[in-house]
Amino acid sequence: MMNHPIESNPRALATGLHAKALERRLDLAVVVPTFNERENVPLLISALREALGDLRWEIVFVDDDSPDGTGEIIDKFARRDGAIRLLRRVGRRGLSSACIEGALATSASVIAVMDADMQHDERVLPLMLARLREEGIDVVVGTRNAQGGSMGEFSARRRLLSGMGQRISSAVCRCELSDPMSGFFLFRRSFFLEVVHRLHGGGFKILVDMLASSKRPVRLAEVGYQFRGRVHGESKLDLNNGIELLFLVASKLTGDVIPSRFAVFSLVGAVGLITHMLCLGLLLRRLHWSFNEAQGVAAFVAMTENFFVNNLITYRDNSLRGSRLVTGLLSFWLACSFGAWANVSFARSLLQSGMPWIAAGAAGIVLGSVWNYTVSSLFTWQTPRHSADLVASQERPQPDAETYR
Ligand code: GDD
Ligand code: MN
């Protein structure tokens, strides 16, 4: 690598082979996911060159076959300079999975992840690297909120969303980070390899994913920086990414034992229960209906609400539209009515066999939800049964990929 000076270690130079090995040993790999960033790539490369100076570094761009030709631009640089690499993925989308695959593609002992759009300040990378080395830290997070950091030009709405995500993420990571949503951080390769098999891999929040996947407390440090405005192009973050975060949180909170889709389905069911109770109260107290009628209608309203919310969120990759919405709703009503019947009968029989009412009631709910989930995913939404298929179907470009452009 021409632009990286060889470490002048006399002992190493004594053996040619060792010197060559040292020459190739990298201090830092910067993994940069890209999607439609053609104007930003050259800016980022020169900014990184300047910021990283004498360090032995490489940049691993992971491009998801950007329609604007970002891949071709990176390729031009990569052909001239071995320190600039391109990992191109075809037929795939996803920020987290891009970062994971980029990190797996390098053998540098320290790996940084940053956006291509110049929003993250590359000048703090050497400081982040120094902190990681000095203090035996696993992960150093570039923080927008810490001292010396700032949120820059962020809309109030974006700030609110960010704040909400932050609270949820802190709970999942079991750590105190002022900016767990950060997309700018640096970590030891050894730590990454420790958690890589447990990563969820979906969505935007690779840092949260890594921290929540660790079996031991993570040694963390934060370095503040000034969040800059985007130079070119536009953000790809949208509501879909919020939903993806929900899936990540669900899978981490349930320790990956329960499929995240089932966890989200149950969460929707719990919200449906609140709707049911509100509806029941209204019909009984205000409209003076009989209990049986009120209970029946409340269940019907809650089921219908659950159907639409599940269609939008839980099965967003397989949403029913048009006439399939009607047949789907009918099959969901049928499945859930049977689920409710099974729930009550099972709980009643447990109660009669002497089980305390709390345990009997809870067992009925578990049976009913598992039934509802299984039947509705097999018939109403007809989703793949194996988790590997599930990941594949979530990764496939969505029909509304146009909105990303
Ligand atoms: N390969 C690949 N595939 N790259 C992607 C994809 C994808 O599907 N979607 C986005 N990217 C790239 C973008 O090109 C950019 O380099 C980076 O990922 C971040 O995307 P932005 O669209 O700029 O996201 P943002 O600015 O709204 O949010 C980012 O910054 C936040 C603050 O640090 C993300 O990193 C968030 O996770 C982070 O919270
Ligand atoms: Mn950005």
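This is a predicted model: local features need pLDDT of at least 70, side-chain atom pairs count only at pLDDT 80 or more; totals for chains, interfaces and linings use all residues.
**Entry 1: the ligand**

I started at Pro33, where a backbone N or O atom lies 2.9 Å from an oxygen atom of ligand 1. That is a polar contact, meaning a pair of N or O atoms within 3.5 Å; within protein, one must be able to donate a hydrogen and the other to accept it, and residues adjacent in sequence count only if both atoms are side-chain atoms. Gly94 also has a polar backbone atom 2.9 Å from an oxygen atom of ligand 1. Lys205 uses its side chain instead: an N or O atom there is 2.8 Å from an oxygen atom of ligand 1. I then checked how covered the ligand is: alone it exposes 740 Å², and the protein buries 98% of that. Those areas come from the Shrake-Rupley method with a 1.4 Å probe, and for residues only the protein chains shown count as cover.

How many residues surround ligand 1? I got 27, and the closest are Glu37, Arg93, Met181, Ser235 and Lys236. "Near" here means that a heavy atom of the residue lies within 4 Å of the molecule or strand. β1 and α5 each supply at least two residues of this shell.

**Entry 2: what I am looking at**

Residues are numbered from 1 along each chain as its sequence is written, chains are lettered from A and ligands numbered from 1 in the order in which they are written, and side-chain values use heavy atoms, leaving out hydrogens and water.

I found 15 helices and seven strands in the protein chain. These are DSSP runs numbered from the N terminus: helices are H or I with at least four residues, strands are E with at least two.

**Entry 3: the sheet**

In what order do the seven strands sit? They form an open, mixed sheet running β3-β2-β1-β4-β6-β5-β7. The edges are β3 (84–88) and β7 (220–224), each pairing on one side only. Two strands pair if DSSP finds at least two bridges between them. I looked at β5 and β7, which pair in the parallel sense over five bridges. Thr143 has Gly224 in β7 as its bridge partner.

Next, the helices. α5 (residues 95–104) lies across β1 (28–34), β2, β3, β4 (110–113) and β6 (185–188), at about 150° to β1. α6 packs on the sheet too, touching β1, β4, β5, β6 and β7, and its direction makes about 35° with that of β6. Angles run from 0 to 180 degrees between N-to-C directions, with axes fitted to C-alpha atoms, for helices over the stretch in contact. Contact means heavy atoms within 4.5 Å.

Asp138 is in the loop between α6 (125–134) and β5 (139–143). Buried or exposed? Asp138 counts as buried because its relative accessible area is 2%; the cut-offs are under 20% for buried, over 50% for exposed and partly exposed in between (1.4 Å probe, protein chains only). Its side chain makes a polar contact with the side chain of Arg216 at 3.0 Å. Phe187 is 49 residues from Asp138 along the chain, yet their C-alpha atoms are 5.6 Å apart.

Arg56 sits in the loop between α3 (40–52) and β2 (57–63). At 7% relative accessibility, Arg56 is buried as well. A polar atom of the Arg56 side chain lies 3.4 Å from the backbone oxygen of Arg25.
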